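Take a walk through this model with the sequence at hand. We start in the sheet, move to the helices and end in the loops.

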Amino acid sequence: MLTVEGLRSGYGHIEALRGVSLEVRAGEIVTLIGANGAGKSTLLMTVCGNPRATAGRILFDGRDITRLPTHAIVRGGIAQVPEGRRIFPRLTVRENLLLGATPDGGRGMDARLARVFAIFPRLEERLSQRGGTLSGGEQQMLAIGRALMGRPRLLLLDEPSLGLAPLVVRQIFRVIRELNERDGMTVFLVEQNAYHALRLAHRGYVMVNGAIAMTGSGAGLLADPEIRAAYLDGGPGAGPAQPGATQPGATQP
């Protein structure tokens, strides 16, 4: 569904992506892990057209979207939930959600809202409340719900667990799994919590200094000693050990 080939991108004279190549197949959850500043968020933003790629190609369903404007990329079926949520704090929950439906004209609004409320009942309870008064977990629900209002085929999630309590993190990851398993949603997940991300993902990539350093199955990367040392056993994405994971399955790209 999504193919990235030799992608380079950055900010002014700073090159954040250095020839990144990866793919996300239809129906998969693919995760991208790496340290702060590795270029993970820049990759998601470049897929959506801001910043622009300076070299390489981005293909969505075989169509080259590298030079398309962001609104055309969104209308084509890609939605991004940005790092830090970035909801509109002065708008109500309802108004935030309705903004997510604008790319294709907002047809079937009631059905879209009903779907979001089925996933996040708390949002229906807070419908008239301003976004800025919600808790961090509720704001993350709102950000995901807003993206789903556009009925995307590919959902880009950037650090959905950032700053949330463990109970809320588990809820958010459960929703991601349900969207994939029940609705067939394809998900590309950027996440510092490597333990949760790799347990969830079918496949994963590891980014180091703007380049892909390793790839493999989610379970394989979770069991890989190098990944455990860097991101799990006291690393930035540390989490509890996963019992029974013994097959590395990770490869150099």
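Two strands pair if DSSP finds at least two bridges between them. Helices (H or I, at least four residues) and strands (E, at least two) are DSSP runs, numbered from the N terminus. This is a predicted model: local features need pLDDT of at least 70, side-chain atom pairs count only at pLDDT 80 or more, and totals for chains, interfaces and linings use all residues. Residues are numbered from 1 along each chain as its sequence is written, and side-chain values use heavy atoms, with hydrogens and water left out.

Begin with strand 9 (residues 203–208). It pairs with strand 10 (residues 211–217) in the antiparallel sense, over six bridges. Methionine 207 has isoleucine 212 of strand 10 as its bridge partner. Two residues lie between these strands in the hairpin, where asparagine 209 takes a positive phi near 50°. Strand 9 also pairs with strand 3 (residues 29–33), here in the parallel sense and over four bridges. Threonine 31 stands opposite glycine 204 of strand 9. Is strand 9 largely enclosed or open? Five of its six residues are buried (under 20% relative accessible area; exposed is over 50%, partly exposed in between; 1.4 Å probe, protein chains only). Strand 9 is therefore largely enclosed by the rest of the structure.

Now the helices. The axes of helix 3 (residues 93–100) and helix 4 (residues 109–119) come within 11 Å and cross at roughly 115°. Axes are lines fitted to C-alpha atoms, for helices over the stretch in contact, and angles run from 0 to 180 degrees between N-to-C directions. Arg94, Leu97 and Leu98 of helix 3 meet Met109, Leu113, Val116 and Phe117 of helix 4; contact means heavy atoms within 4.5 Å.

Helix 4 has two sides. Arg112, Leu113, Val116, Phe117 and Ile119 are buried. They cover an arc of only 160° around the axis, so they sit on the same side of helix 4; the arc is that of the directions from the helix axis to the C-beta atoms. Asp110, Ala111 and Ala118 are exposed on the other side. The buried residues of helix 4 pack against helix 3, helix 5 (121–125), helix 6 (136–148) and helix 7 (166–183).

Last, the loops. A cis peptide bond joins asparagine 50 and proline 51, with omega about 10°. Proline 51 lies between helix 1 (40–47) and strand 4 (53–60). Arginine 86 is not a glycine, yet has a positive phi of about 55°. Arginine 86 counts as exposed, at 55% relative accessibility.
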